[in-house]
Amino acid sequence: MASFKPTRIQVYPKLGEKVTQDTLYWKNYKAPVQIKEFGAITSIDFSPLAPHTYAVTASTRVHIYGPFSQEPVKTFTRFKDTAYSGRFRSDGQLLVAGCEDSAVRLFDVSGRVAIRMFKGHTKAVHVADFTSHGYQILTGSDDYTCKLWDIPNSAELTSYKEHTDYIRCGITSKLNRDLFFTGSYDHTLKLFDARVDKSVMNMDHGQPVESLLLYPSEGLLVSAGGRYVKVWDLLKGGQPLVSLKNHHKTVTSLCLGSNGQRLLSASLDRHVKVYSTTNYKVVHNFDYAASILSLGLAPDDESIVVGMTNGILSIKHKRTPEDSKGAVQQKRQPAYRVFVKGKNYVPKQEDYLVSKPVRQYLAKYDKLLRKFNVSKALDEAMEQWTRHRKSEIPMAVIKELDRRGTLKNALAGRDEKELCQLLSFVLMNLVDTRFTAILTTMAEMLLDIYQSTVGMSSLVDRQLLRLQELLGKETEYQQELMEVLGMLDVLFASAHPRKEVTLPGDGGNGLAQGGIPHRPEVQAS
């Protein structure tokens, strides 16, 4: 008896997957280095000066890491409660951070003890940043106020209370020391001028605002809140330029990369998405193991640092040409003599070749097919993970059942839940041109078998109505495409040069000399 042949899984071209320059660029990172912190990581900030150390704010600590260090080179622990928003000054010498105890602390990076402490807020301070000249500090608090502080005198300069909810993000202008932006859970963004006693521009994000980002030219402002990332044109009075909804959960952090040509957003859905700043389309995507609270990008995209809710700090360093060469050499290192051993051996005439039978390993659905359990084989191929991630496997089993003539038997005898599962698979893949032919046959069989049960189950009826609607829309699309093809045919036909038709005889009226009309003929060229 011939051995059982496993079901051949056809390899389909992957739709929409293109290898672009961005794909190659953003995949050129080493395996991530993971460091366990003491709590959820709420902020990551890179020093603007070399060697570009970065401050990680987590729990009651602010750690400073070197570019390639796996342990902190400096730690600030003088916080009575949870610390927030550790930020470097433009010269990299000072660091400011807010705290749950409502105080703001200023540290010298070369020291350990806070050199200044600013008290004036009544609730947790989640926003702390330096102004462009470095002598003032912006703070934003859960008491709905934002304040400007003078560093040399440790004094409060001005205070604004225009927000009606927590202020959770803020950013200062790098070109004008008097301008700064705040974002609040009251869904608004506000532009303040320290020379004026109230805000000079207001924008409505529509969701609680979690993060703000200012372009280097400071003509565009990016806000993140809810599932939305929105870009605002400040030169046109804060008009919304574009609204992006590519995340499934709240967007928590923003940063710019590739010298301002790429925008990165991190979210609680465990993804970091990279957008092109020219058309704001997603050009790459990073996946992580837990929800992301903070994101940092080193200058020239040398490393990507992500802080997660479970306290894991993930660091990806970019590969260098030396790393690539080393990896190639390391792969070639394992003993070459293993491969050439016995290479020059010539078998003798009296030698016998004893071959070891190759054991055949079958998938579960193939084992069931071999036993002619066609219904169970289809159920096995329709497992949830396979159905959603590897559609070609259930398609191969359906084709094999159709080839055997047992597809109708496999589809029969289904209860409400199993029938809904089969109809969902048909709805999900019917308009995919790779699967349309076989799924149309499968849908016809399902309708033939279960037409007598229509009206007995609301779930099945709803699926059938969706199938009818899907087929109607697809028919309309096909008709529109046929009309477009007809228009194109007319355009292409009119674009070709016309050939001159000559008639036999001298008469200009189409009649020969004998007066008998002749059928016009095209002269052969």
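Predicted model: local features only at pLDDT ≥ 70, side-chain atom pairs only at ≥ 80, totals over all residues.

Reader: Which residue in S19 is the bridge partner of Leu214?
Author: Leu214 has Leu221 as its bridge partner in S19.

Reader: And what is the strand order of the open sheet that S18 belongs to?
Author: The order is S18-S19-S20-S21, an open sheet of 4 strands with antiparallel pairing. Strand S18 (209-214) and strand S21 (239-244) are the edge strands, each of which pairs on one side only. Neighbouring strands of this sheet are turned against each other by 20° on average, with direction ignored.

Reader: Now the sheet with S22 in it, what is its order?
Author: That open sheet has 4 strands in the order S22-S23-S24-S25, with antiparallel pairing. Strand S22 (251-257) and strand S25 (282-287) stand at its edges with a single partner strand each, so one side of each has no neighbour in the sheet. From one strand to the next, the twist averages 20°.

Reader: How many bridges join S24 and S25?
Author: Strand S24, residues 271-276, and S25 pair over 5 bridges in the antiparallel sense, and the bridge partner of Tyr275 in S25 is Val282.

Reader: Switching to the backbone: which residues does a cis peptide bond join?
Author: A cis peptide bond joins Ala50 and Pro51, with omega about 10°. Pro51 has its place in the loop between strand S2 (41-46) and strand S3 (54-58).

Reader: What about phi of Ser154, positive or negative?
Author: Phi of Ser154 is near 55°, which is a positive value in a residue other than glycine. Ser154 lies in the loop between strand S12 (146-150) and strand S13 (155-160), and its relative accessible area of 32% makes it partly exposed.

Reader: And where is His187 found?
Author: His187 is in the loop between strand S15 (179-184) and strand S16 (188-193). Its phi, near 80°, is a positive value in a residue other than glycine, and His187 counts as partly exposed at 28% relative accessibility.

Reader: On to helices: at what angle do the axes of H7 and H10 cross?
Author: The axes of helix H7 (residues 392-404) and helix H10 (residues 436-450) cross at roughly 65° and come within 10 Å. That makes H7 roughly perpendicular to H10, and the crossing of the two is left-handed.

Reader: Which residues of H7 and H10 meet there?
Author: From H7, Met395, Ile398, Lys399 and Asp402 meet Ile438, Leu439, Thr441, Met442 and Met445 in H10. The residues of this contact between H7 and H10 divide into 6 nonpolar, 1 polar and 2 charged.

Reader: Then H5 and H7, are they roughly parallel or antiparallel?
Author: Helix H5 (residues 374-381) and H7 pack at an angle of about 160°, with their axes 9 Å apart. Since angles over 145 degrees count as roughly antiparallel, H5 and H7 are therefore roughly antiparallel to each other. The crossing of H5 and H7 is left-handed.

Terms used:
Residues numbered from 1 in each chain as written. Heavy atoms only, no water. Pairing = 2+ DSSP bridges. Axes fitted to C-alpha atoms, helices over the stretch in contact; angles between N-to-C directions. Buried < 20%, exposed > 50% of the residue type's maximum accessible area, 1.4 Å probe, protein only. Parallel < 35°, antiparallel > 145°, perpendicular 65-115°, else oblique. Left-handed = near helix turned anticlockwise from the far one by under 90°. Contact = heavy atoms within 4.5 Å. Nonpolar A, V, L, I, M, F, W, Y, C, P; charged D, E, K, R; others polar.
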